[in-house]
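Have the model open as you read.

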Amino acid sequence: MNRPAGKDVINATCPWSGKPVSAAALTRYRGHVVGFCSPGCRDRFEAATQLFDAQIRALADPAGRE
Ligand SMILES: [Zn+2]
């Protein structure tokens, strides 16, 4: 996966801590680049969104078809 560019980040501060976003702690979500103050905050977000995305997919399609 390409590393997102800091210029494209849509938020200025980390949603967990309120600290400024770090260029080393970016990820993509729903086609946008979102940022965090540290890789730990980013990883916590990624873990949560992956969990919920998987559960929502399972609800929408119980048979497991894509
Ligand atoms: Zn943070």
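Let's start with a polar pair: the side chains of Thr27 and Glu46 make a polar contact at 2.6 Å (a polar contact is a pair of N or O atoms within 3.5 Å; within protein, one must be able to donate a hydrogen and the other to accept it, and residues adjacent in sequence count only if both atoms are side-chain atoms). This is a predicted model, where local features need pLDDT of at least 70 and side-chain atom pairs count only at pLDDT 80 or more, while totals for chains, interfaces and linings use all residues. Residues are numbered from 1 along each chain as its sequence is written, and side-chain values use heavy atoms, with hydrogens and water left out.

Thr27 sits in strand E1 (helices, H or I with at least four residues, and strands, E with at least two, are DSSP runs numbered from the N terminus). Thr27 is buried at 2% relative accessible area (buried means under 20%, exposed over 50%, partly exposed in between, using a 1.4 Å probe and protein chains only). Setting aside residues up to four places away in sequence, Thr27 touches Pro4, His32, Val33, Val34, Phe36, Arg42, Phe45 and Glu46 (contact means heavy atoms within 4.5 Å).

Now the rings. There are 2 aromatic pairs in the structure (rings of Phe, Tyr and Trp, the last by its six-membered ring, pair if their centres lie within 6.5 Å; planes under 30 degrees apart are stacked, over 60 edge-to-face, the rest tilted).

| Pair | Centre to centre | Angle between planes | Type |
|---|---|---|---|
| Tyr29 and Phe45 | 5.2 Å | 80° | edge-to-face |
| Phe36 and Phe45 | 5.1 Å | 40° | tilted |

Tyr29 is in strand E1 and Phe45 in helix H1, so their pair ties together parts 16 residues apart in sequence. Tyr29 is partly exposed at 25%, Phe45 is buried at 16% and Phe36 is buried at 1%. Tyr29, Phe36 and Phe45 form one aromatic cluster.

Phe36 and Phe45 also belong to the largest nonpolar core, with Cys14, Ala25, Val34 and Cys41 making up its 6 residues (buried Ala, Val, Leu, Ile, Met, Phe, Trp, Tyr and Cys joined through side-chain atoms within 4.5 Å).

Last, the metal. Cys14, Cys37 and Cys41 coordinate the zinc ion through SG at 2.2 to 2.3 Å (donors are N, O and S atoms within 2.8 Å of the metal, or 3.2 Å for Na, K and Ca; water is not among the atoms, so sites may look incomplete). Cys14 precedes strand E1 (26-29) and Cys37 lies in the loop between strand E2 (32-35) and helix H1 (39-60), so this pair ties together parts 23 residues apart in sequence.
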